[in-house]
Amino acid sequence: MLEYSMLYPKTTKLRRSVSIDGMWKFHIGSQNGDQGEAGFKNGIPGNDFIPVPASFQDFYTEKEIREFAGDVWYEKDVFVPGEWEGNKVFVRFGAATHRAVVYVNGKKIMEHEGGFLPFAADVTDTVHYNEFNKIVVRVNNELTVTNIPCGETILLPNGKKMNKPYFDFFNYSGLQRSVFLMAIPKESVFDFDLDYEISGKDALIHYHVQTTGEHPVELSLLDASGKVAARAEGFKGVMKVKDARLWQVRNAYLYRLVIRIRDGEQILDEYEQEIGIRTVKIEGTSILLNGKPVYLKGFGKHEDCDIVGRGFHSGVMKRDFELMKWIGANSFRTAHYPYSEEIYQMADREGFLVIDEVAAVGLFESLMNFMEASTGKRTAFFEKETTPVLLKAHKRAVEELIARDKNHPCVIAWSLLNEPETSNEAAVPYFEEVFRLAHELDVQKRPRTFALIMNSVPGVCKCYQFSDIISLNRYYGWYVKGGYEISEAEALFRKEMDAWKALKLNKPFLFTEYGADTMGSDHKLPSVMWSQEYQDEYLKMTNDVFDSYDFIKGEQIWNFADFQTTEGILRVNGNKKGVFTRQRQPKDAAYLLRKRWMELPLAYKAQEKGL
Ligand code: GCB
């Protein structure tokens, strides 16, 4: 069990939660990490303020700041209401990338490592009630091979540190998600698990509530009109919902679950959350939602946009969902890290299927892993001395991810790694532990997967057997035989798919990546690589291959939109594989995909029997 509750901050009868987003005082610290305890815990120097949530990198005009590797400092004075005394009081961070130390009124409260999941600092005994209190946060953004995502931090000859990601997105960092101040009753709802069973027109909700005390709990389920649809009492049990309205793809029905702790007539705590009744199951090569086959159409995405970088922005989220609906998508993968909680809430409401990915990317020692791996390079990544430390961090992130996201109906699968090195036996015990843990922690036993890199093919990959859904990242026609050689790319692509088919795995296959870099500004007739015409040709070829194999049960193109990466000769101011530009306007390919996805039925390829 985690030391703090992962429940999203809410204000209910007995809970208070106040956003402390806005302008925070900001200071770029030392690269040596020597300003910790002795340094700024009582207050940071200067007079610079930046918005939270946001990545700090793209506000400034100095390259030293954008590329900075080390500690940055945030500070905010917050008023803690006197009425809150007697409750538990927390400062809750949606995320701090990649590690943080929290000080309140000069006292160190907690540390957290892992840049994409929430944590809550218990400040009950530290804050002064009915007064202002100083929160100081030291955030470190250095990449290592002992934490996810993996990379290294090098020292340049000029003495400056520099982050070197083993992955293909800019190392945006800082306080990129919302921060809340919360007051929670001493005896409170800590966590709950739900699992669903559909029986005829009714549904059973198996539940388990954990609280911080002994008093009894009661649950009520309210339908969309606020009417009580079911009730139950006790920490563990079953709620029966008559004539249940199911949560369906792009047709979401949400109930409201209210959990109360009671002491006789007195309510000690109340927590509520929107939930959706649905089941997810893999049967043969089918992905079943509520017992019916679904074909996934959609994207690998990023949290990425101009100016705020990876910072959560509700306007960008809204635009992204509108574009995904317009194009006929029904799903996305949270590549390559858990996204802001508000995005899952929106996916719950909009009926999108989400493959929820932990930040285990870059588990292949290379500064351009996606390229070098396809050349067959091997790095013995899982044989490093430091691997046990990495595994510990990885498992902790899986635990936090599942605790945070398990009750979202939108989450239909866990993606436990992206493009790890699987050509070596040393990967096997590592995978075993991570996959076992996810299975243990998720009462819904959602399918687990990982995204296979180009060279993870039959005969080479030692780990695909762990996946319930085989997810392939493939770039035939881009990294492999692009341009006029595309016919050869297609032949190689089919050859690989034939090899998978021959294995008779009887599992669904999903394309979690495929795509071609394309300049939104460039047309060329006849096409050349990077032109919009070529992106269309590439898609036609790829779609033909998808349509030729019945066991392929979904396509999530890379990427939804152009996004920022480290600078380099393979990237033109970022990765340009977006179907939309970074400003969220369509490239030509968007129209091609829209035509295809609008026509493909949800149960596409439902008829086939096995491989
Ligand atoms: C991949 C990676 C992704 C890259 C992509 C690319 O395989 O998973 O992070 O951005 O390829 O565009 O090369």
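These notes cover a helix pair, a ligand site and some backbone features in a predicted model.

1. Helix pair, geometry. Helix α6 spans residues 387–405, and helix α7 spans residues 427–441. The two pack at an angle of about 20°, and their axes are 10 Å apart. Angles under 35 degrees count as roughly parallel, so α6 and α7 are roughly parallel to each other. Their crossing is right-handed.

2. Helix pair, contacts. From α6, the residues in contact are Thr-387, Leu-390, Leu-391, His-394, Lys-395, Val-398, Glu-399 and Ile-402. They meet Tyr-430, Glu-433, Val-434, Leu-437, Ala-438 and Leu-441 of α7. By class, this contact has nine nonpolar, two polar and three charged residues.

3. Ligand surroundings. The ligand is surrounded by 14 residues. The closest are Asp-168, His-336, Glu-419, Tyr-479 and Lys-577.

4. Tyr-479 places a polar side-chain atom 2.3 Å from an oxygen atom of the ligand. For Asn-575, a polar side-chain atom lies 2.8 Å from a ligand oxygen. In Asn-418, a side-chain N or O atom is 3.0 Å from an oxygen atom of the ligand.

5. Cis peptide bonds. The bond from Val-52 to Pro-53 is cis, with omega near 5°. Pro-53 sits in the loop between β3 (49–52) and α2 (63–66). The bond from Ile-148 to Pro-149 is cis too, with omega near -5°. Pro-149 belongs to the loop between β9 (131–140) and β10 (151–155).

6. Positive phi. Arg-250 is not a glycine, yet its phi is positive, at about 55°. Arg-250 lies in the loop that runs between β17 (236–241) and β18 (255–263).

Notes:
Residues numbered from 1 in each chain as written. Predicted model: local features only at pLDDT ≥ 70, side-chain atom pairs only at ≥ 80, totals over all residues. Heavy atoms only, no water. Axes fitted to C-alpha atoms, helices over the stretch in contact; angles between N-to-C directions. Helix = DSSP H or I, 4+ residues; strand = E, 2+ residues; numbered from the N terminus. Parallel < 35°, antiparallel > 145°, perpendicular 65-115°, else oblique. Left-handed = near helix turned anticlockwise from the far one by under 90°. Contact = heavy atoms within 4.5 Å. Nonpolar A, V, L, I, M, F, W, Y, C, P; charged D, E, K, R; others polar. Near = heavy atom within 4 Å. Polar contact = N/O pair within 3.5 Å; in protein donor to acceptor, adjacent residues only side chain to side chain.
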